[in-house]
Amino acid sequence: GSSMGFDPIYREKAAELGKVMAERQCELLYGGGSVGLMKIIADVMLDNKCKVTGTITNHLMDMEVGYNDIDELIVVDSMAERKKILEDMADGFIAMPGGIGTMDEFFEVYVLSQLRVFDKPVALYNINGYYDDILRFIDRAAKEGFVRKEHALNLIVSDDPKELLEKMELFQPTDVKKWVVEIKEQLKTEN
């Protein structure tokens with residue numbers, strides 16, 4: 001998230017996640033900004049001597065929101081290029097509470113996970129119940145037959161950073177071939 005939110009709990013929990021990631025000697029890959037909740041995590045990681053890499057667009061650098069004090073700042077031309085670099089470099093994805101940009105990034109990696117373009121865990125850090133409405137949407141989509149139940153269950157959700165990272169470490173992706181075959185079979189029986 002490039003914003004802090006109004007409730008101080010978001011800042012506190014961002015720092016807590018950064019601390020837990022640092023304790024596990026994680027490396028932080030993020031959007032490269034010097035603002036919002038992600039800066040808090042970056043600062044905690046830097047304070048604990050963990051590597052922090054950011055990927056940011058020229059446009060955002062021109063707006064002076066790039067964080068030059070991190071270990072590596074990769075500057076690219078487009079948001080698509082930025083996301084692709086982060087998708088390729090990361091071992092997993094955690095969506096902090098955020099706005100439209102966060103939703104764009106979250107749903108993109110969630111789809112890539114669903115399609116098994118990569119086998120990396122995707123998680124929602126559900127601070128203060130922030131993602132409850134998104135979870136209800138995914139649950140409804142599964143109940144209505146628009147999302148496979150196993151894909152809904154594949155999403156990692158927690159408001160506890162230790163639990164979140166433990167679940168990510170234990171992540172086992174859904175078998176795509178199975179559900180693709182089932183969809184094809186369903187189409188045959190309907191025709």
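Where is G99 found? G99 is in the loop between β4 and α5. The model shown in these views is predicted; local features need pLDDT of at least 70, side-chain atom pairs count only at pLDDT 80 or more, and totals for chains, interfaces and linings use all residues. Residues are numbered from 1 along each chain as its sequence is written, and side-chain values use heavy atoms, with hydrogens and water left out.

**View 1. The whole protein has nine helices and six strands.** Helices (H or I, at least four residues) and strands (E, at least two) are DSSP runs, numbered from the N terminus. The C-alpha trace spans about 60 × 35 × 30 Å along its principal axes. A compact globule of 191 residues would have a radius of gyration near 16 Å, and the 18 Å of the protein agrees with this. That radius is taken over C-alpha atoms, and the globule rule is 2.2 Å times the number of residues to the power 0.38. Of the 191 residues, 41% count as buried; buried means under 20% relative accessible area, exposed over 50%, and partly exposed in between (1.4 Å probe, protein chains only). Among contacts with a separation of 6 or more, 63% come from residues 24 or more positions apart. Contact means heavy atoms within 4.5 Å.

**View 2. An open sheet is built from three strands in the order β4-β5-β6.** Its pairing is parallel, where two strands pair if DSSP finds at least two bridges between them. β4 (93–95) and β6 (156–158) are at the edges with a single partner strand each, so one side of each has no neighbour in the sheet. Neighbouring strands are turned by 25° against each other on average, direction ignored. Strand β5 (residues 122–125) pairs with β6 over three bridges, and L124 stands opposite V157 in β6.

View 3. Axes are lines fitted to C-alpha atoms, for helices over the stretch in contact, and angles run from 0 to 180 degrees between N-to-C directions.

**View 4. Helix α4 (residues 79–89) has the buried residues R82, K83, L86 and E87.** They cover an arc of only 130° around the axis, which puts them on the same side of α4. The arc is that of the directions from the helix axis to the C-beta atoms. The cover over these residues includes β1 (28–30), β2 (52–57), β3 (72–76), β4 and α5.

View 5. A disulfide is a pair of cysteine sulfur atoms within 2.5 Å. The closest cysteine sulfur to that of C26 is in C50, 7.5 Å away and too far for a bond. C26 is partly exposed at 25% relative accessibility, while C50 is buried at 8%.

**View 6. N154 is found in helix α7 (residues 149–154).** Its relative accessibility is 12%, and N154 counts as buried. Leaving aside neighbours within four places in sequence, N154 is in contact with S113, V122, F171, Q172, P173 and T174.

**View 7. G99 is partly exposed.** The relative accessible area of G99 is 41%. G99 and I138 are 39 residues apart along the chain, and their C-alpha atoms are separated by 18 Å.
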